[in-house]
Amino acid sequence: MSVDKKSSITLMKTLQTSTEVWSICPYDVNRFIVGTLGDRRHARIIGLNGQESDIASLTFPDKTYGAGASRCTYLPSDGVLAVTDYDKHTVQLYQIGPGTSRTVKDDRIERPEGICGAQGRVFVASRGTNTVVEMTVQGEIVKCHDVGIRPHTISVSQDGGHMVVADSESDTTIKLFKMEYA
């Protein structure tokens, strides 16, 4: 899709995929990374031409996720793919290229749902703690933001200055936060 200056969108093409897509984020100008549903390949690369490929350097656990059990985001400036595991209460940080990974497990991450990244940080909607957990791409937890709702889906502006959080228990509540750093 493309968005013009008046914020209207125009459908450019429709792609059929070999797996169900649960999350999506840009990879580069011609491709994006999708988080899968019901597939042992937890994330795949799909080009604007429809060509699908695995992320060759990464090995995922031998597990298939159902609806809501995992989401992913990609931080292109850091080459990091972050994948949540709702049941294990973890975030897996994969370094694309070297193919290394690190598991982040912490009491502040409970039933992680939405995930996004900006400015070298990963933001995880921790539904079980009513917070958004902010961590570095190395997995160090920087802060837990109390959002006053059970966060489901989140997005952070690319400059890291604003965060939007949708409530998992209400289809009509979205909160916008201004983020300031000392």
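## Report on a predicted model

F60 is buried, with 16% relative accessible area (buried means under 20% relative accessible area, exposed over 50%, partly exposed in between, with a 1.4 Å probe and protein chains only). The structure is a predicted model, in which local features need pLDDT of at least 70 and side-chain atom pairs count only at pLDDT 80 or more, while totals for chains, interfaces and linings use all residues. Residues are numbered from 1 along each chain as its sequence is written, and side-chain values use heavy atoms, with hydrogens and water left out.

**Aromatic pairs**

Two aromatic pairs are found in a search of the whole structure. Rings of Phe, Tyr and Trp (its six-membered ring) pair if their centres lie within 6.5 Å; planes under 30 degrees apart count as stacked, over 60 as edge-to-face and the rest as tilted. In the pair of Y27 and Y74 the ring centres are 5.0 Å apart and the planes stand at 40 degrees, so the pair is tilted. Y27 belongs to strand β3 and Y74 to strand β7 (residues 72-75), so this pair ties together parts that are 47 residues apart in sequence. Strands (E, at least two residues) and helices (H or I, at least four) are DSSP runs, numbered from the N terminus. Both Y27 and Y74 are buried.

F60 and Y94 make an edge-to-face pair, with 5.1 Å from centre to centre and 75 degrees between the planes. F60 sits in the loop between β6 and β7, and Y94 in strand β9 (residues 90-95), so the parts tied together are 34 residues apart in sequence. Y94 is buried, at 4% relative accessible area.

**The sheet from β3 to β6**

An open sheet is formed by four strands in the order β3-β4-β5-β6, with antiparallel pairing. Two strands count as paired if DSSP finds at least two bridges between them. β3 (20-28) and β6 (52-53) stand at the edges with a single partner strand each, so one side of each has no neighbour in the sheet. Strand β5 (residues 43-47) pairs with β6 in the antiparallel sense over two bridges. Within this pairing, I45 is opposite S53 in β6.

**Salt bridges**

Eight salt bridges are present in the structure. The criterion is a side-chain nitrogen of Lys or Arg within 4 Å of a carboxyl oxygen of Asp or Glu. Three of them are listed here.

| Salt bridge | Closest N to O |
|---|---|
| D54 and R44 | 2.9 Å |

D28 is partly exposed at 31% relative accessible area, and R31 is partly exposed at 34%. D54 forms a salt bridge with R44. That pair links distant parts of the chain, with D54 in the loop between β6 and β7 and R44 in strand β5, ten residues apart. D54 is partly exposed, at 43% relative accessible area, whereas R44 is buried at 6%. D39, R41, R44, E52 and D54 are linked in a network of salt bridges.

R127 lies in the loop between β12 and β13 and E113 in strand β11, so the pair ties together parts that are 14 residues apart in sequence. E113 is buried, at 7% relative accessible area.

**Cysteines**

A search of the whole structure finds zero disulfides, a disulfide being a pair of cysteine sulfur atoms within 2.5 Å. For C25, the closest cysteine sulfur is that of C72, 5.1 Å away and too far for a bond. C144 is in no disulfide either, the nearest cysteine sulfur being that of C116 at 15 Å. C25 lies in strand β3 and is buried at 10% relative accessibility, while C144 is partly exposed at 29%.

**Positive phi angles**

Most residues other than glycine have a negative phi. Q119 is not a glycine, yet has a positive phi of about 55 degrees. Q119 is placed in the loop between β11 (112-118) and β12 (121-126), and is exposed with 55% relative accessible area. N130, also not a glycine, has a positive phi of about 55 degrees. The loop between β12 and β13 (131-136) holds N130, which is partly exposed at 27% relative accessibility.
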